[in-house]
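Welcome! Here is a short briefing to read with the structure open beside you. Take the topics in any order you like.

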Amino acid sequence: MTTEELTIEVLELKKAVAELQRRVFPPPVVYLLHHAKDLDEEVDVKLLGVFSGVEKAEQAREAVRDQPGFRDFPLGFHIDGYTVDKCHWTEGFVTV
């Protein structure tokens, strides 16, 4: 086997290992807890934390739900899951 053939075979093995790792160990998901409330001409958004599971984000929400400000806007809480190492906004934006 030539050096070039060996190099190609090693690269193919690396690709196969990387694919196997993606299938066996998918990227982790984190959960963002934030609170949003509509103001006159804008939206006030607060990031409360980043959590390793939905349950932990829900526990954090419950811990602050009755605090000043949050209790006045109980429907403002949002929990969203995001895969790590992935761009979640792939398009541009416009300002209106």
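Predicted model: local features only at pLDDT ≥ 70, side-chain atom pairs only at ≥ 80, totals over all residues.

- Three strands form an open sheet in the order E2-E1-E3, and their pairing is antiparallel.
- Strand E2 (43-51) and E3 stand at the edges with a single partner strand each, so one side of each has no neighbour in the sheet.
- On average, neighbouring strands of this sheet are turned by 25 degrees against each other, direction ignored.
- Seven bridges join E1 and E3 in the antiparallel sense.
- To see one of these pairings, look for Leu 32, whose bridge partner in E3 is Asp 80.

- His 34 is found in strand E1, which covers residues 29-38.
- Is His 34 buried or exposed? His 34 is buried, because its relative accessible area is 17%, below the 20% cut-off.
- Not counting residues up to four places away in sequence, His 34 touches Val 45, Lys 46, Leu 47, Leu 48, Gly 76, Phe 77, His 78 and Asp 80.
- Gly 76 sits in the loop between helix H2 (54-64) and strand E3 (77-83).
- Gly 76 is buried too, with a relative accessible area of 6%.
- Leaving aside neighbours within four places in sequence, Gly 76 is in contact with His 34, His 35 and Ala 36.
- Gly 76 and Lys 37 are 39 residues apart along the chain, yet their C-alpha atoms are separated by 5.8 Å.

**Salt bridges**

- How many salt bridges does the structure hold? There are five, and some of them are described here.
- In general, side chains of opposite charge can pair when their charged atoms come close.
- Glu 19 forms a salt bridge with Arg 23, and the closest N and O atoms are 2.9 Å apart.
- Both Glu 19 and Arg 23 lie in helix H1 (residues 3-24), four residues apart, which is about one turn of the helix.
- Glu 19 counts as partly exposed at 31% relative accessibility, while Arg 23 counts as exposed at 65%.
- A network of salt bridges links Arg 61, Glu 62 and Arg 65.
- Glu 62 counts as partly exposed at 45% relative accessibility, and Arg 65 counts as partly exposed at 25%.

**A nonpolar surface patch**

- Which residues make the nonpolar surface patch of about 310 Å²? Met 1, Leu 6 and Val 10 make this patch.
- Leu 6 lies in helix H1.
- With a relative accessible area of 46%, Leu 6 is partly exposed.

Terms used: Residues numbered from 1 in each chain as written. Heavy atoms only, no water. Salt bridge = Lys/Arg side-chain N within 4 Å of Asp/Glu carboxyl O. Helix = DSSP H or I, 4+ residues; strand = E, 2+ residues; numbered from the N terminus. Buried < 20%, exposed > 50% of the residue type's maximum accessible area, 1.4 Å probe, protein only. Contact = heavy atoms within 4.5 Å. Patch = residues over 30% accessible without salt bridge, like charges linked within 9 Å, V, L, I, M, F, W, Y side chains within 5 Å. Areas by Shrake-Rupley, 256 points an atom, 1.4 Å probe, with all protein chains shown as cover. Pairing = 2+ DSSP bridges. Axes fitted to C-alpha atoms, helices over the stretch in contact; angles between N-to-C directions.
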